[in-house]
Amino acid sequence: MSLSISNLTILLSVNFFSCSSEIEFCDKHNEREIKWISDIYNSSAEKELVPLSEFDGIIQYHGSDSWGWFNHTIRVVKQNKYLIIQLYDNRRNIESKKRESIYRESILTDNQYKLLKDKIDQLMCKPVSLETGIGIDGDFYELIIRNENKLQAFKWQSIFRTKNSKELIKLKTEVTTLVGELMKYSQFPNGSKQVIVGRNLNTTDSIEIEVFLANQFNIRKSYVYFDDILVNQNKDRVGKITISKIDTIGIRERIKIKAELLNGNVIEM
């Protein structure tokens, strides 16, 4: 069951009733972590959204970058007897460079919420930062959860590149798996296959083809295949293929990408 865009506008603009119970923090969180969690809880992820603290919000995931290429938020909130999942997605098209926006919301089923709740219960009282040495530039992701009257939040900058401890890597996988379920239920767009021909190498008889996924927010792993043969990818997940210029017929159809989504599902592009 989906709700209309007009209903979404109402949900985004109206201040919902405030939660009366006092917020508690886990003893494992230090003062700096508590301050950051409080700041996220009481601030707006997007200018169109009121803070999670001002209504009966349960989950909020937010991603953005330093260069204005993307800014998206997924929320799960209570409205009357319903649990609503909201998607606010704003990104630039990698080809046209034009800004594209998606506003969508739907009602979560009881089973969907139970699956989310099971994951939420496992994430309470955990470290806030999922990476060491988070920078001031780049991509930024955060997740905040209200579980009854307790708050937990996380922040990270990369899904697939990390030099963290095994414990943090495991925790990041658990956190991003929850994000992947939110993306699934909100119909968050997956990455799009990009095939770039002759940008770096174009000789008289051969040409280089670069293959990658744009907007990889929902991608944990990806594999590039050319004529069903696995292609090596660099640290940025770009696969490079050098072929003869007489062998380029149907090149885009011959290149496939298999991607594992954050929630473990596998798709092919």
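Residues are classed by relative accessible area: buried means under 20%, exposed over 50%, and partly exposed in between (1.4 Å probe, protein chains only). The model is predicted, so local features need pLDDT of at least 70 and side-chain atom pairs count only at pLDDT 80 or more, while totals for chains, interfaces and linings use all residues. Residues are numbered from 1 along each chain as its sequence is written, and side-chain values use heavy atoms, with hydrogens and water left out. Helices (H or I, at least four residues) and strands (E, at least two) are DSSP runs, numbered from the N terminus.

Side chains of opposite charge can pair when their charged atoms come close. A salt bridge is counted when a side-chain nitrogen of Lys or Arg lies within 4 Å of a carboxyl oxygen of Asp or Glu. By this rule there are 10 salt bridges.

One of them joins K150 and E24, with an N to O distance of 3.7 Å. K150 lies in strand β6, whereas E24 sits in the loop between α1 (5–13) and α2 (31–41), so the pair ties together parts that are 126 residues apart in sequence. K150 is partly exposed, at a relative accessible area of 38%. E24 is also partly exposed, with a value of 38%.

Two further pairs lie within helices. In helix α3 (residues 110–121), D121 and K117 are four residues apart, about one turn of the helix. Their side chains form a salt bridge at 2.8 Å, N to O. D121 is partly exposed at 36%, and K117 is partly exposed at 22%. In helix α4, K170 and E174 are likewise four residues apart, about one turn of the helix. The closest N and O atoms of this salt bridge are 2.7 Å apart. K170 is exposed, with a relative accessible area of 53%. E174 is partly exposed, at 29%.

Salt bridges also link D227, D247 and R254 in a network.

A contact of another kind involves Q157. This residue is found in the loop between β6 (150–156) and α4 (166–186). Q157 is buried, with a relative accessible area of 15%. Its side chain reaches the backbone oxygen of D139 at 3.1 Å. A polar contact is a pair of N or O atoms within 3.5 Å; within protein, one must be able to donate a hydrogen and the other to accept it, and residues adjacent in sequence count only if both atoms are side-chain atoms.
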